[in-house]
Amino acid sequence: MDCPARGHTGRGNLKIHCRRRGRYRCTACRKTFSARRGTPFYHAKTAPEIITQVLTLIAYGCPIGAIEAAFSLQRRTVRAWLTKAGAHCRAVHEQLVLQPQVLQHVQVDELFVRRQSRRRFVYLFSALCVSTRLWLGGLVSAKRSKHATRTMAQMVRQAAFGGPLLVVCDGFRYYGKAFREAFKWSLLTGRQGRPRRLPSAALVVVAHVKQRRLVRLLEGTWGQFVWLWRSVGAAVLTTSYIERLNATFRARLSLLVRRSRHLARTVATVEAGLLGSVYNFCTVHGSLSRTPAQAAGLVSDRWSVAQLLGYRVPPERWRPPRHRGPLSKRERALLAQWGT
């Protein structure tokens with residue numbers, strides 16, 4: 001991470017160091033590194049093909065006990081692979097999915113998940129773009145709170161390009177205020193103190209729907225809702241898309257089932273990082289005949305699980321360290337060559 005050329009590709013700064021061992025060399029810092037660096041296969045003693053097979057089975061609903069018996073692996077080894085793969089898929093999700101794009105119609109919902117601890121349950125918040133069936137992200141919270149809805153709204157705001165947005169939910173009262181605050185912008189005047197928050201020019205309507213009927217509007221007016229509903233082309237106002245996604249997650253992750261003996265022990269096992277990324281990039285949706293990532297224009301073809309796990313997220317570009325006084329001549333030269 002101290003290399004000034006980190007995050008750059010295609011500029012001639014990477015050379016092959018050893019083909020047999022799969023190592024490369026950076027021409028800027030003169031250090032070598034493995035081809036597996038930045039992937040869940042880094043520092044793994046097992047072949048990447050075996051790790052890919054195991055993680056594919058887990059992502060499609062196979063319990064860890066069956067994998068332990070079939071592959072003669074220890075349970076803690078499989079859980080370590082799952083943890084590394086989940087962290088990697090979250091980074092891929094932030095790099096590719098949480099980028100400005102046209103959403104128009106979003107559905108949000110919560111899943112009730114049981115745990116093996118004093119706090120017997122948690123909630124898994126999820127958001128889905130209806131037009132592309134793209135899973136926008138998930139959030140694990142100990143309870144249905146105002147803070148959780150704010151974080152979920154900020155995640156949707158990060159993925160929204162702008163323009164009108166219709167949000168359909170199951171009626172949790174904090175959604176309206178959370179999306180109203182998330183889509184505000186700060187007025188920077190250069191003065192000291194907290195900047196003033198102004199409403200966004202984008203039209204955001206939050207609707208509470210129950211049994212295909214509009215119960216109330218948590219945010220927006222009736223005229224705005226009618227115009228936005230007609231513009232998105234929704235024939236029926238419902239939360240069925242996000243509920244079908246919840247059913248898919250319950251089928252592929254045993255601890256999400258309502259009555260199960262495979263309860264979650266930690267919050268990390270509830271987070272659907274690997275599961276959501278496999279759904280977005282590797283699963284062909286029946287109504288789209290392609291993956292949600294293809295429908296959203298994020299990728300050109302369907303990814304395999306090996307491609308998902310082998311995708312390298314570029315690190316943040318180098319910046320000179322902060323210190324007193326002006327930058328040195330060498331720092332200015334490095335910043336001009338490799339800076340942002």
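View 1. Glu 68 is partly exposed, with a relative accessible area of 29%; buried means under 20% relative accessible area, exposed over 50%, and partly exposed in between, for a 1.4 Å probe and protein chains only. Arg 75 is likewise partly exposed, at 35%. The two residues form a salt bridge whose closest N and O atoms are 3.2 Å apart. The term denotes a side-chain nitrogen of Lys or Arg within 4 Å of a carboxyl oxygen of Asp or Glu, and by this rule the count comes to five salt bridges. The model is predicted: local features need pLDDT of at least 70, side-chain atom pairs count only at pLDDT 80 or more, and totals for chains, interfaces and linings use all residues. Residues are numbered from 1 along each chain as its sequence is written, and side-chain values use heavy atoms, with hydrogens and water left out.

**View 2. Salt-bridge network of Glu 110, Arg 144 and Asp 170.** The side chains of Arg 144 and Glu 110 meet in a salt bridge of 3.3 Å, N to O. Arg 144 lies in the loop between strand S6 (134-141) and helix H4 (146-159), and Glu 110 in strand S4 (residues 105-114), so the pair ties together parts that are 34 residues apart in sequence. Helices (H or I, at least four residues) and strands (E, at least two) are DSSP runs numbered from the N terminus. Glu 110 is buried, with a relative accessible area of 12%, while Arg 144 is partly exposed at 34%. A salt bridge of 3.9 Å, N to O, also joins the side chains of Arg 144 and Asp 170. Asp 170 is found in the loop between strand S7 (165-169) and helix H5 (175-182), 26 residues from Arg 144. At 30% relative accessibility, Asp 170 counts as partly exposed.

**View 3. Open sheet of three strands in the order S1-S2-S3.** The pairing is antiparallel, two strands being paired if DSSP finds at least two bridges between them. Strands S1 (14-18) and S3 stand at the edges with a single partner strand each, so one side of each is left without a neighbour in the sheet. Four bridges join S1 to strand S2 (residues 23-26), where the bridge partner of Ile 16 is Tyr 24.

View 4. Thr 32 is partly exposed, at 32% relative accessibility. Leaving aside residues up to four places away in sequence, Thr 32 touches His 17, Arg 23, Tyr 24 and Arg 25, contact meaning heavy atoms within 4.5 Å.
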